[in-house]
Amino acid sequence: MSLSIKTLDRICLTIIVLIAIICGYAVVSWGFKQQKLIRQENAILSKKIEDLNLAETNLQRLRSILDSTQNELKILNERIPDSTQIGEFLKQVNALMERKEVNLISIHPEAIVEEKKCNRIPVRLIFEGSFVKVYKILHELETMNRTVVMEKMQITKSVDAKHCHVDLTANIFQRY
């Protein structure tokens, strides 16, 4: 059984067409796989970009919280400093007395009293002025940046009926 050239040509042509179809299928299949991989990588990249944007938003929010916390801590540090800063406090009290036109007779810091979380420093103030001015002084002492707690206060009428004589013990605080 000999094959004719025509039959052989048909077999070769069929083999070539089959090989072309198989190669075409392989190339198209490989292209679809590559497209699928590219879509997956794009999805992963877009997810990472979303995560990065979310992380950046969270970071900005955390920074604003940190800034506000630092400001609160700064305010607390001013209210109860870690060093005595008694000189600064005495200057503030003296300036307050001069500004309110009250006669400061005596200012005397007393011995430091150690407490659980901070030191308490009693400061004895003796001054004279009209009742309204004395009231304003007391109000400003209570609302100072530095925490001032009034402990003992004695207000008496002075020789001049227009003035009050005040003997006050105020406490300021210092952190350990």
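User: I am new to this structure. Lys133 has 28% relative accessibility; which class does that put it in?

Analyst: Let's start with the scale. Buried means under 20% relative accessible area, exposed means over 50%, and partly exposed lies in between (1.4 Å probe, protein chains only). With its 28%, Lys133 counts as partly exposed. Before we go on, please keep in mind that this is a predicted model: local features need pLDDT of at least 70, side-chain atom pairs count only at pLDDT 80 or more, and totals for chains, interfaces and linings use all residues. Residues are numbered from 1 along each chain as its sequence is written, and side-chain values use heavy atoms, with hydrogens and water left out.

User: Thanks! Which residue forms a salt bridge with Lys133?

Analyst: The general idea is that side chains of opposite charge can pair when their charged atoms come close. A salt bridge here is a side-chain nitrogen of Lys or Arg within 4 Å of a carboxyl oxygen of Asp or Glu. The partner of Lys133 is Glu101, and their closest N and O atoms are 3.3 Å apart. Glu101 sits in the loop between helix H2 (86-99) and strand E1 (103-109), while Lys133 belongs to helix H3 (residues 131-142), so the pair ties together parts that are 32 residues apart in sequence. Helices (H or I, at least four residues) and strands (E, at least two) are DSSP runs, numbered from the N terminus. Glu101 is exposed, at 59% relative accessible area.

User: How many salt bridges are there by this rule?

Analyst: The count comes to 7. One of them joins Lys47 to Asp51, with the closest N and O atoms 3.4 Å apart. Both residues lie in helix H1 (residues 5-79), 4 residues apart, about one turn of the helix. Lys47 is partly exposed at 47%, and Asp51 is partly exposed at 37%.

User: What about Asp167: is it buried or exposed?

Analyst: Asp167 is buried, with a relative accessible area of 18%. Asp167 forms a salt bridge with Arg124, where the closest N and O atoms are 2.5 Å apart. This pair links distant parts of the chain, with Asp167 in strand E5 (residues 164-175) and Arg124 in strand E3 (residues 118-129), 43 residues apart. Arg124 is partly exposed at 33%. Elsewhere, salt bridges that share partners join Arg99, Lys100 and Glu140 into one network.

User: Which residues does Asp167 touch?

Analyst: Contact means heavy atoms within 4.5 Å. Not counting residues up to four places away in sequence, Asp167 touches Arg124, Leu125, Ile126, Lys152, Met153 and Gln154.

User: Which side chain of opposite charge is nearest to Arg146?

Analyst: Lys and Arg count as positive and Asp and Glu as negative, while His and the chain ends are not counted. For Arg146, the nearest of opposite charge is Glu88, 8.5 Å away; Arg146 is buried yet has no salt bridge. Arg146 lies in the loop between H3 and strand E4 (148-157). A polar atom of the Arg146 side chain lies 3.1 Å from the backbone oxygen of Phe173.

User: Which residues make the nonpolar surface patch?

Analyst: Patches are made of residues with over 30% relative accessible area and no salt bridge; like charges are joined within 9 Å, nonpolar side chains (Val, Leu, Ile, Met, Phe, Trp, Tyr) within 5 Å. Here Leu3, Leu8, Ile11, Ile15 and Ile19 make a nonpolar patch of about 450 Å². Accessible areas come from the Shrake-Rupley method with a 1.4 Å probe; for residues, only the protein chains shown count as cover. Leu8 lies in helix H1 and is partly exposed at 41%.

How values were computed. A polar contact is a pair of N or O atoms within 3.5 Å; within protein, one must be able to donate a hydrogen and the other to accept it, and residues adjacent in sequence count only if both atoms are side-chain atoms.
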